[in-house]
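Hi everyone, thanks for letting me have a few minutes today. Please have a look at the picture first, and then I'll walk you through it.

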Amino acid sequence: PSKPNMKEGSRSLAVACSATALAGLTLGYFLASKKHNVLDDKPKAVAFVTRVNSEAVLATDQMSQELPPSSSVGGGGEVLKPHQHEKKMAQKLALRSSVELENQRPRDLVTVRVPATSANMGPGFDCLGCCVDMWSEVTVERSDRFEIVASGDGAEQMPLDDTNYVVVGLKAAFEAANKPIPLLKYTIVSTIPFARGLGSSSAAIVAGIIAGLVLAGHRLPCWGSEALLQIAATIEGHPDNVAPAIYGGIQLGIHNGSRWITERIPTPPGMQLVMFVPDFIGKTSTARAALGPTVTRKEASFNVGRVAYLVNALCQGNLDCLKEGVEDALHQPQRGDAIYPYLYPMITAATAAGANACYLSGAGPTVMALTSGASGDIFTQRVQERNDVAVANAMRRAAQEKGIEGKVFVTSIASEGAKVVKVEPSFTETSGGIVFKEGL
């Protein structure tokens, strides 16, 4: 074997040390945020994210200066051995450095598709939610004046100033990037029912943050920090809507004392969502006012058992256990008595018609039923093999008996969350020939 290149080894060691320093920055962010209760205050949260980002970029720049030429770090056809960890790390950091530099280029226009979400799923109050295959689109572009153009569901009720949650999310993104906010035009096309317990506000927040990051030419760390989630959950106050809006699927989120963390829960195959959306809006503030300031030990014990039973049923794909899994003692009975008298009659009707489970979506007024039997596209499958139509009709009849009108939607859980569908100039144009999905 050839004699080892000591100079190359020194460079690799420097890279490894820099990587360790970067990990230390992230750990320091966690400890500092815990010490100062940063996540209890949005400006502080954004400031901490901004600081850890700037330090991470500085560390990345320092790493890139330590990197040896590509020909001596696995380049030029060299095959790296399993024990050559330093060289492998150097390759990864070199790639990361080039990506970070490219990301600093601001964009002129971006369109984000963002999904509806269904929070709580019964007993998972403020911590459990799923991504609903129902989407809105938000386009933000540089302009010579501030303007919001809204169309679709709830457009007439959306604020057209900087209190709009899209603008709030975008401001947080530019603050994290430590860049001034330019004059922008916002075009919102909403198909998510507004203020109906389907995460319309969370969708706006997430869309605004993502649009802001792309326009600012800035990316946030994800592994070990989930910085995007920190900003969104700090604005919203809890992760049950924003986590599935970002990541898709069914998400379980908690605060570990330092930051918000989430994990994906498996979605059983063949599961569908049947939701009754009333014609009237429901304010989260009103729904929370219906809850008492304390809970009893019996109520707490009930929900601990139910949410564990629900998560186990989802992980096992056992839809027959969902009915008991979505039962709740902390918010559904109180809101049913005070605001939504149709809730429990509708739950009874849906399960009697064959639904595996039924619960109040978020703070309401939408009621969500979970059904099974879907196989592929529902428009190519025999209706007799599914029970979504029977469940939908049963929910509608139960509502009408209480004098409530509304619409019924049949859809499913979306596996992915918010995504960029258009950007100018495109990432593909500036990537040296690499074509990203959908030509972005």
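Predicted model: local features only at pLDDT ≥ 70, side-chain atom pairs only at ≥ 80, totals over all residues.

Take helix α4, residues 165–177, and helix α5, residues 200–216: their axes are 6 Å apart, and the angle is about 40°. The crossing of α4 past α5 is right-handed.

Who touches whom here? On the α4 side you'll find Tyr165, Val166, Gly169, Leu170, Ala173, Phe174 and Ala177. Across from them, α5 brings a list that includes Ser201, Ala204, Ile205, Gly208 and Ile209. If you sort the residues of this α4 and α5 contact by class, you get 13 nonpolar, 4 polar and no charged.

Okay, second pair. Helix α12 covers residues 343–352 and helix α13 covers residues 388–401, and their axes come within 8 Å. How are these two oriented, roughly parallel or roughly antiparallel? Well, they cross at roughly 155°. Anything over 145 degrees counts as roughly antiparallel, so that's what α12 and α13 are. This crossing is right-handed. From α12, the contact uses Pro345, Met346, Ala349 and Ala350, while α13 supplies Val391, Ala394, Met395, Ala398 and Ala399. By class, that contact of α12 with α13 comes out as 9 nonpolar, no polar and no charged residues.

Is glutamine 332 buried or exposed? Its relative accessible area is 2%, and the cut-off for buried is under 20%, so glutamine 332 is buried. What does its side chain find in there? A polar atom of that side chain lies 2.8 Å from the backbone nitrogen of leucine 360. If you skip neighbours within four places in sequence, glutamine 332 is in contact with Gly122, Val326, Leu343, Tyr344, Tyr359 and Leu360.

Last stop: helix α6, residues 227–236. How many of its 10 residues are buried? It's 10 of the 10, so α6 is largely enclosed by the rest of the structure. Among those buried residues are Leu228, Ile231 and Ile235, and also Gln230, Thr234 and Glu236. Then, just after α6, you reach glycine 237, which takes a positive phi of about 105°.

Methods. Residues numbered from 1 in each chain as written. Heavy atoms only, no water. Axes fitted to C-alpha atoms, helices over the stretch in contact; angles between N-to-C directions. Helix = DSSP H or I, 4+ residues; strand = E, 2+ residues; numbered from the N terminus. Left-handed = near helix turned anticlockwise from the far one by under 90°. Contact = heavy atoms within 4.5 Å. Nonpolar A, V, L, I, M, F, W, Y, C, P; charged D, E, K, R; others polar. Parallel < 35°, antiparallel > 145°, perpendicular 65-115°, else oblique. Buried < 20%, exposed > 50% of the residue type's maximum accessible area, 1.4 Å probe, protein only. Polar contact = N/O pair within 3.5 Å; in protein donor to acceptor, adjacent residues only side chain to side chain.
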